[in-house]
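Welcome, and please open the model in your viewer. We will go from one selection to the next and say what is there.

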Amino acid sequence: MVQREHGPRLRPSLDGIPSYKPGKPAGVDSFKLSSNENPYPPLPGVLEAAVAAAGDFNRYPDMGVGALTAEIAQRFGVPVEHVATGTGSVGVAQSLVLATAAEGDEVMFAWRSFEAYPIITQIAGATPVPVPLTADEGHDLDAMLAAITDRTRLIFVCNPNNPTGAALHREELVRFLDAVPAHILVVLDEAYREFIRDEDVPDGIELYRDRPNVCVLRTFSKAYGLAGLRVGFAIGHEQVATALRKTAVPFGVSQLAQDAAVASLRAEDALLERVEALVAERTRVTAALRAQGWTVGDSEANFVWLRLGERTLDFAAACGEAGVVVRPFPGEGVRISIGEVEGNDLFLTAAEAFRKEI
Ligand SMILES: Cc1ncc(COP(=O)(O)O)c(C=O)c1O
């Protein structure tokens, strides 16, 4: 008789991947400043486009994502062949890893950075190579160059970095890109691009144009406020974009998401006004924290970072009691998304009370 095992045999490489733990939901009385979401509701034109598309959800979406791809290409001044979309930029990032790396290959990123990087690397069976951040919370580009091996296939550069908010400047990034061997794909993850105000931080789209091994990741989840619809995109040379279309989940981007993203690009002025208000709040929150005595770096994203070490979980609990859900990374620090003025104020009050106790 065939020996029965307990359940199907799964790939051993999955053992190193943490199971998904849903973020703590905000209670009815609390503000969710834990997921870098946009606190504003959808703009009217965007909502109407999504509602209109909802009437047809018995149909599959446009598999080629034609209208959105054309709109993105026009908005960023790139050929349509250079655009590939996916289920959020994390979906596109996963497709990029699947397109470049397999068992035995290495995927490099700064650490701490976006927590999906090690996970999507291991899903592909490849080896994550985390390179510690510098003392001022940014990418250590020299250490990253030194960590390149003949197995390196992809390097994520998260600019600005999640969760620290630090951003790389043009000169250092260009020097890095010039030093990376041309067969390694460098992915400039610019999920927070629209929140950057430091003019020395380059737009990745300037940098990819004459570099076939560079591609840029963008998302509609943050500044554009479509996190729940799951749509992001990459801009890269044709070889990369074509590979992305092969590794993406077919029909992954719903028609609701496609149409809402097109409408968002058309409502960009109104959307970016809201981004301006969030940037003003970021400046206010940063200044208030500094006045309270905290050490806070300049953030170019829609969140701020407090390195709290062993106090991280206590601080997050104190915020929770005050009605604000923040994102702790145990033993390291807490990331606080910039939200509504009222939520930011509640957070600042909790931070001040905590500061007085330590
Ligand atoms: C740096 C970075 N990249 C990508 C993403 C993924 O966002 P989405 O999949 O919603 O586009 C996030 C989300 O937090 C992020 O912080």
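Which residues of α9 are buried? Select α9, residues 255-266, and you will find Ala257, Gln258, Ala260, Ala261, Val262, Ala263, Ser264 and Leu265 buried (under 20% relative accessible area; exposed is over 50% and partly exposed in between, with a 1.4 Å probe and protein chains only). Helices (H or I, at least four residues) and strands (E, at least two) are DSSP runs, numbered from the N terminus.

A word on the source: this is a predicted model, in which local features need pLDDT of at least 70, side-chain atom pairs count only at pLDDT 80 or more, and totals for chains, interfaces and linings use all residues. Residues are numbered from 1 along each chain as its sequence is written, and side-chain values use heavy atoms, leaving out hydrogens and water.

Now show α1, α2 and α10 (268-292): the buried residues of α9 pack against them, with contact meaning heavy atoms within 4.5 Å.

At 35% relative accessibility, Phe251 counts as partly exposed.

Then go to Met63, in the loop between α1 (44-54) and α2 (66-76). Met63 is exposed, with a relative accessible area of 54%.

For a last stop, select Pro160, in the loop between β5 (152-158) and α6 (170-179). The peptide bond from Asn159 to Pro160 is cis, with omega near 0 degrees. Pro163 is found in the loop between β5 and α6, and the bond from Asn162 to Pro163 is cis, with omega near 15 degrees.

Methods
Expected span 1.5 Å × (residues − 1).
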